[in-house]
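Reader: Hi! Could you walk me through this one? I'd like to start with the strands and then hop around a bit.

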Amino acid sequence: MKIAIAQIRVLSENCKQNFETMKSYIEQALRQNANLIVFPEMSLPGYFNGDIWEQNSFLRECEFYNNKISELSKDVDIIFGSVGIDWKRKNEDGRVRKYNAVFHAQNGQFQINKKSNYPFWIKALMPNYKEFDDSRYFFDLRKLAFERKCKVIDLYEPLILKFEKKKIKVGVTVCEDGWSQDYDVSPFKIYSSRYKHDFFVNLSCSPFTRGKQEKRENIFSKECIKNKIQIFYVNCVGIQNIGKTVFGFDGSSSFYNSVGDVINLCGFFTEELKVIDLDLATNEVKNNEKIKCLKALSIVEETQKSLEYIIQKCLEEWKINRVVIGASGGIDSALSAVIFSRILGAQNVYLVNMPSKFNSQLTINAAKKLAENLGCPYASVGIEDSVNLSAEQLENLKFINATAQPQMTKLVFENIQARDRGGRILAALAQSLGAVFSCNANKTELSVGYSTLYGDQAGFLCPLADLWKHDVYSLAYFYNETIYKMQVIPRETLDVVPSAELSAEQNVLENKGDPLIYNYHDFLFRSWVEHWERKTPEDCLNAYVDGTLEKMIGCEKGLVRKLFPTVQEFTRDLERWWYNFVESGVIKRMQAPPVIAISPRAYGFDLREHIRKVVFTHTYMNLKKKLLN
């Protein structure tokens with residue numbers, strides 16, 4: 001039996017374009033004599049569509065194109081994911097009943113699931129964590145079973161394919177149904193306990209995060225072994241966003257046999273149709289051409305490929321073809337310049353250096369050398385006069401009937417410089433060139449608000465906002481050593497101490513830089529953000545006392561006691577950054593540009609935050625008091 005796996009790029013909300021893509025793949029599958037073609041979850045409407053699911057006109061658009069897909073099934077069976085609608089019933093929010101569903105089109109019409117009496121199969125498990133918010137929009141099979149006073153299995157049956165006078169039973173699951181380890185229902189287990197399937201399909205719209213493929217293969221392999229089943233995992237590619245956070249979908253569609261072996265069918269972030277032969281007698285996948293197993297990628301390779309793919313698709317979909325970058329001579333702006341140059345071409349990436357009296361000749365030269373190495377347009381414009389004018393105006397400004405007057409502090413003067421660069425020069429340059437400008441902030445800086453609102457935190461996108469500082473360096477070295485095989489990012493940039501260069505106290509020639517100790521704070525902040533059970537000062541202080549903090553957060557062994565020999569020094573640093581993380585950091589993150597997500601927990605919609613004041617737990621305060629007395 002020939003089965004076509006259609007790893008397509010799915011566009012949010014664009015039923016028409018997705019239909020055209022699916023039609024093209026169906027035509028390709030027919031030319032290769034496929035008996036069945038399988039598309040990913042929500043392949044017609046898109047998945048991360050926000051509250052557009054509340055628009056009935058969009059739902060009717062989905063139905064229209066659902067039916068157009070069914071018309072293409074006269075010579076090939078089609079399984080695809082889309083929204084299933086019951087106009088006669090309501091969701092729990094009082095709106096039209098919607099299901100995340102799988103449709104089976106055969107001989108020009110949809111097949112009926114006789115157990116549920118719907119012309120589709122329903123997703124059983126709704127993820128409602130991290131970036132997912134499925135129950136906001138969709139009714140699931142568990143709820144339907146509760147409503148009908150029956151069990152989930154009573155609403156399920158395999159879909160039936162007809163092949164060489166045989167009836168082929170296909171199990172149907174959707175994305176989260178395969179990640180059931182923490183649910184009270186395991187769809188693979190209960191479906192296979194009642195029915196004998198020839199194989200399962202799992203239609204997915206599964207966002208990429210670094211290291212996820214290994215976890216995915218482990219979970220699906222175990223399901224196959226436990227339940228003696230085989231699974232075609234079909235994922236999409238492309239990008240979809242939920243406002244502040246942009247996710248990429250890596251594809252990596254695969255076949256899992258009943259002993260847990262994995263055959264990688266489609267590539268990593270590639271649009272692809274793969275037609276395979278399934279021997280129903282032996283349950284083995286065969287091909288006329290050898291199926292190449294995907295080479296396992298290192299974390300830095302995954303980072304490079306995913307970032308470039310996601311950013312490229314953003315620029316395509318948003319119709320952006322020119323970018324301006326403030327090139328400081330530092331590592332973050334250099335990495336941004338490299339990535340955008342590879343995507344848009346160096347001629348479309350404009351680098352501008354904006355020195356003040358605090359910028360060293362070393363970083364000024366490094367910025368120019370970067371532009372020369374990449375072949376980017378380059379200019380330098382000093383900000384000394386405009387910054388001094390702003391400072392003078394502020395100092396001379398007097399309010400009438402005021403209880404307070406402006407104070408020119410060191411921090412105010414530093415922020416004037418950052419805003420002059422971002423809010424004035426970069427914004428004006430981008431508009432004058434028909435371009436956009438990029439925010440170069442990394443995840444460490446965003447975590448504790450080490451950036452200036454409307455200054456260096458401004459821009460159309462934060463390409464590095466899901467990379468810790470050590471990730472930035474790792475990726476920079478990877479580009480130099482592996483991709484370019486030359487020092488395209490100058491040695492000066494890699495060696496100089498990270499610094500904002502906004503005051504004499506940040507003089508890089510004197511080895512003075514940022515207040516952050518990146519080889520420690522990267523890992524501390526990551527424990528506050530990315531750990532599944534996110535850490536707090538209480539956890540950190542307990543671990544410091546127990547001597548397990550380095551193991552808990554993953555930093556270099558022996559580093560913590562070296563940096564903070566006493567409890568007083570440790571808690572002073574811990575509380576300083578916790579205040580910034582919880583208070584000013586949140587306010588700044590709320591106003592930051594969209595974030596490219598590649599980690600297990602990115603800022604934006606992936607990490608739900610609220611504006612608040614710091615409140616330490618009583619356990620933390622009691623332990624601190626005990627230790628300091």
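Author: Happy to. S7 and strand S8 (residues 166-174) pair in the antiparallel sense, over five bridges. Bear in mind that this is a predicted model.

Reader: Which residue in S8 does Leu 161 stand opposite?

Author: Leu 161 stands opposite Ile 168 in S8.

Reader: And what order do the strands of the open sheet come in?

Author: The order is S7-S8-S9-S10-S13-S14, six strands in an open sheet with mixed pairing. Strand S7 (159-163) and strand S14 (262-264) stand at the edges with a single partner strand each, so one side of each has no neighbour in the sheet. From one strand to the next, the twist averages 25°.

Reader: Which strands does H5 touch when it packs on the sheet?

Author: H5 touches strand S9 (199-204), S10, strand S13 (254-256) and S14. The direction of H5 makes about 35° with that of S13.

Reader: Nice. Where is Lys 228 found?

Author: Lys 228 is in the loop between helix H5 (212-227) and strand S10 (231-235).

Reader: Is Lys 228 buried or exposed?

Author: Exposed: the relative accessible area of Lys 228 is 65%. Leaving aside neighbours within four places in sequence, Lys 228 is in contact with Glu 223 and Ser 258.

Reader: How far apart are the C-alpha atoms of Lys 228 and Asp 495?

Author: They are separated by 55 Å, and the two residues are 267 apart along the chain.

Reader: Last one: at what angle do H15 and H20 pack?

Author: Helix H15 (residues 537-546) and helix H20 (residues 618-628) pack at about 35°, and their axes are 9 Å apart. The crossing of H15 and H20 is left-handed. On the H15 side, the contact is made by Pro 537, Glu 538, Leu 541, Asn 542 and Val 545. H20 contributes Thr 619, Tyr 620, Leu 623, Lys 624 and Leu 627.

Reader: How do those contact residues divide into nonpolar, polar and charged?

Author: The contact of H15 with H20 has six nonpolar, two polar and two charged residues.

Conventions: Residues are numbered from 1 along each chain as its sequence is written. This is a predicted model: local features need pLDDT of at least 70, side-chain atom pairs count only at pLDDT 80 or more; totals for chains, interfaces and linings use all residues. Side-chain values use heavy atoms; hydrogens and water are left out. Axes are lines fitted to C-alpha atoms, for helices over the stretch in contact, and angles run from 0 to 180 degrees between N-to-C directions. Helices (H or I, at least four residues) and strands (E, at least two) are DSSP runs, numbered from the N terminus. A crossing is left-handed if the near helix is turned anticlockwise from the far one by less than a right angle, and right-handed if clockwise. Contact means heavy atoms within 4.5 Å. Ala, Val, Leu, Ile, Met, Phe, Trp, Tyr, Cys and Pro count as nonpolar, Asp, Glu, Lys and Arg as charged, and the others, Gly among them, as polar. Buried means under 20% relative accessible area, exposed over 50%, partly exposed in between (1.4 Å probe, protein chains only). Two strands pair if DSSP finds at least two bridges between them.
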